[in-house]
Amino acid sequence: MAETSYVRSAMLAPQKPPASETGAVHWVRANLLSSWGNIALTILSVYVIYVIVATIGPWFYRSVWTAGSLEECRQIIAETWGEGKRGACFAVIAERWQQILFGFYPKELYWRPTLTLVLMLVALGPILFSWVPKQILWFSITFPAVAFWLLWGGSVWLPVMILVGFASGFAAFRVISNVNGLAGALSAALVPVLWWVFLCNPAAELVQSVLPIGLVELGSDQFGGFLLSTVIGVSGITFSLPLGILLALGRQSDLLIVKSFCVAFIEGFRGVPLITLLFVASLLLNYFLPPGTTFDVILRVIIMVTIFSAAYMAEVIRGGLAALPRGQYEAADALGLDYWKAQRLIIMPQALKVSIPGIVGNFIGLFKDTTLVSFISLSDPMQLVSAIRANQEWNGIYWELFIFVGLLFFIFCFSMSRYSMYLENKLKTDHH
Amino acid sequence: MTVALDPPRAGFRPGMLIYDTRYRSITIQVIFMILVVVFGYWLFENVKSNLRAAGKDFSFGFLWTRSGYDINQMLVQYSSDSTHGRALLVGMLNTLFLAFMACILATVIGLIAGVLRLSKNVLVARLMEIYVETFRNVPVVLWIVLVNAIMAVSMPEPKEFRGEAPTASMLFFDSVAVTNRGIYVPEPLFSRSLGNTDAGIFLISNDLLAIIAVVVASIWGYRRLHRNATTVQNATGVRPATRWKGLAIVVLPLAALLAATGFHLGYPELKGFNFVGGVHARNSLVAMWLALSIYSATYIAESVRAGILAISRGQTEAALALGLHPGLATRLVVLPQALRVVVPPLISQYLSITKNTSLALAVGYMDLRSTLGGITMNQTGRELECMLMLMGIYLSISLIISALMNVYNTSIKLKER
């Protein structure tokens with residue numbers, strides 16, 4: 001029998017890992033100092049951070065919030081912090097922030113765009129988040145008319161009558177499609193158009209004369225600043241998605257003429273800079289319309305921005321369509337669904353899900369592109385900034401203004417991109 | 001036994017145009033076509049009657065008349081006595097020059113930022129993330145105007161370089177001057193220049209042509225040297241030394257040519273109230289170039305990052321398992337696959353840089369839009385012709401770039417079954 005000298009009868013308690021393998025020290029070693037190259041990078045980034053903080057920190061800390069001009073600002077800074085010290089002059093923001101937000105909208109009417117913004121958030125609720133009660137969707141549908149009335153003012157009955165047009169189309173479809181599907185679809189398109197062209201205005205005027213309800217009417221030249229950017233951006237976003245979907249479907253379609261038209265449309269508008277389209281809107285549109293017709297410049301810009309963005313949108317959605325396996329189309333056919341039903345129930349939900357990042361990226365691009373309207377002398381934030389900089393009191397100021405405007409754009413765009421990541425995560429159905 | 005008979009051949013009824021799927025597509029297309037043609041005709045008629053009402057005709061004759069305005073940056077000879085067509089050419093070259101410069105800088109910054117964003121070093125990765133998110137989410141016009149403002153307001157005036165104790169100094173051994181009127185960099189000069197060749201619409205420097213010819217020849221010689229070395233290696237198993245020979249082939253001819261033509265740098269010098277000599281990059285060009293590059297680089301960084309993430313780790317490991325050393329593994333296995341993901345978005349970014357050069361209006365850079373679509377249009381009053389040409393030129397540039405992209409995409413497409 002073998003001699004057993006020693007057998008451990010009790011388990012040893014597990015030991016803690018050595019101090020170099022845990023905690024902050026290990027983290028710093030593994031992440032920041034793992035190699036010579038890494039050490040160099042760390043030193044470089046620490047230096048960069050130091051320079052940024054050391055420049056911006058004191059500059060912010062010494063900021064002046066109440067002053068009448070840049071001279072006065074500099075004087076206050078020199079008196080408080082000593083000669084030669086630099087500080088921010090946010091007094092310009094304190095003095096002009098309303099102008100940058102609302103443009104030349106009358107001061108006493110600021111409640112209208114503010115209310116519109118709040119209502120817009122309410123209307124967006126059920127579209128963006130599933131936990132918001134679905135009944136609010138009815139409000140979302142009427143929101144464009146409400147926003148139009150609140151922002152531009154005038155008689156309440158015109159937007160109401162425009163909405164009645166949509167309702168009439170829907171009603172006509174409901175009634176006539178029971179008799180004949182095709183006639184139903186035709187009348188759904190024809191009835192509202194006839195209504196808007198011939199009856200809408202007289203009806204609105206008639207009701208207005210009986211029951212006058214209205215707000216002070218404002219012209220488009222009084223729109224400016226972020227109000228203008230948001231009006232153009234949000235309308236462009238709203239209209240470009242459906243138009244983009246139609247264009248993408250047209251490009252994927254078997255109908256040769258429709259397909260080639262869509263290809264020409266998409267490539268044509270993608271191939272030129274937006275700024276040329278805006279110039280077309282402001283200079284050339286009169287050539288293409290019957291003599292004597294004029295229409296609102298903001299509307300023209302919205303149309304151009306929508307078309308431009310829809311061409312990009314179409315390509316993004318086409319990518320989503322192409323990513324779908326062929327079997328999905330075949331399955332839809334096998335179920336006996338017709339083209340539109342297949343698109344609505346099977347193809348589009350999947351294709352749109354795949355293209356969410358691209359679509360939102362497009363929205364962000366569109367919103368940023370609204371700054372280009374300053375080139376056709378609409379007073380968007382950039383235009384207002386240059387106006388303020390050209391002003392005698394504020395001549396020579398730039399960081400403060402650009403930080404303010406940039407920050408507002410950043411908040412808008414960054415939250416859109418975060419929302420798209422949230423949505424992607426929520427809709428993710430695969431298991432890896 | 002049952003026999004399947006052909007269905008009875010019904011005659012054609014008009015209703016089938018709508019209810020029969022065989023004919024419906026034709027009906028839809030015909031109706032669509034008619035609508036498009038009617039709409040197009042309506043636009044055409046409107047234009048005709050509007051032009052007639054304004055007493056204008058439609059002609060491009062103005063391109064051959066005297067322009068009468070100056071352009072402050074030109075790559076080919078131009079004066080106010082030149083034609084509008086010539087101004088268009090100058091503007092187009094300025095656009096392409098700016099786009100080219102911005103594409104290069106944006107690619108460099110984008111590559112660095114994209115790679116660093118994936119770095120294990122948290123500090124660097126975070127910094128790059130902040131850079132990307134900040135610049136992408138703010139309109140490019142703002143960056144352009146901001147850089148222009150920084151250049152114009154914060155940079156020293158030329159007079160500050162003067163005197164016993166100047167408050168500003170030139171960079172890089174007194175060769176580069178950054179002033180509020182732009183940046184002055186040394187220019188290449190040839191004391192025994194070979195002169196110029198007249199290439200029809202512009203002059204080409206013979207020195208430049210000679211340099212290009214010598215460089216091309218050197219590269220050809222260098223590759224030939226390496227091919228020979230490989231042949232020898234395959235035959236004998238010993239690779240002849242090529243390093244010094246290769247270096248000599250690349251460097252010597254060029255050095256000889258530069259010496260022969262008397263190549264030297266012309267440094268900017270302060271004379272009177274301004275710098276003289278050197279190449280003067282105006283604020284507008286610098287602002288456009290930097291802002292466009294830094295802005296577009298964020299998009300390039302994102303696609304580079306996506307490209308690197310798309311290559312699964314197994315690919316690198318498999319290449320190493322095959323015995324390739326890390327450099328070869330990257331070159332032969334990882335890079336080709338990553339490029340397939342990175343290049344298409346990269347090229348569409350180049351496309352958008354080219355289109356974004358039209359924002360030059362914000363800082364007064366004389367690009368195509370400012371010459372043809374700006375001063376020429378205002379002087380001649382021919383909005384229709386100018387805008388059509390402007391859009392046509394941008395469209396052609398875009399279509400050429402996307403055609404190149406398609407060629408590339410087809411060539412790198414996965415060859416499956």
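This is a predicted model: local features need pLDDT of at least 70, side-chain atom pairs count only at pLDDT 80 or more; totals for chains, interfaces and linings use all residues.

Reader: What makes the span of α7 in chain A close to the expected one?
Author: Helix α7, residues 157-179, has 23 residues. The expected span is 1.5 Å times one less than that number, which gives 33 Å, and the helix reaches 33 Å from its first C-alpha to its last.

Reader: Which residues of α7(A) are called buried, and why?
Author: They are W157(A), L158(A), P159(A), M161(A), G169(A), A172(A) and F173(A). Each is called buried because 20 or more other C-beta atoms lie within 10 Å of its own.

Reader: What makes residues of chain A and chain B count as in contact, and how many do?
Author: The cut-off is C-beta atoms within 7 Å; by that test 45 residues of chain A are in contact with 46 residues of chain B. On the chain A side, α2, α10, α11 and α17 each supply at least two residues, and α11(A) gives the most, with nine. That side divides into 31 nonpolar, 12 polar and two charged residues.

Reader: How do you know what confidence the predictor has in chain B?
Author: The mean pLDDT of chain B is 83, on a scale from 0 to 100, and 93% of its residues reach 70 or more. For the model, the scores are ipTM 0.86 and pTM 0.85.

Note on methods
Residues are numbered from 1 along each chain as its sequence is written. Chains are lettered from A and ligands numbered from 1 in the order in which they are written. Helices (H or I, at least four residues) and strands (E, at least two) are DSSP runs, numbered from the N terminus. A residue is buried if 20 or more other C-beta atoms lie within 10 Å of its own, exposed if 12 or fewer, and partly exposed in between; C-beta atoms are placed from the backbone. Two residues are in contact if their C-beta atoms, placed from the backbone, lie within 7 Å. Ala, Val, Leu, Ile, Met, Phe, Trp, Tyr, Cys and Pro count as nonpolar, Asp, Glu, Lys and Arg as charged, and the others, Gly among them, as polar.
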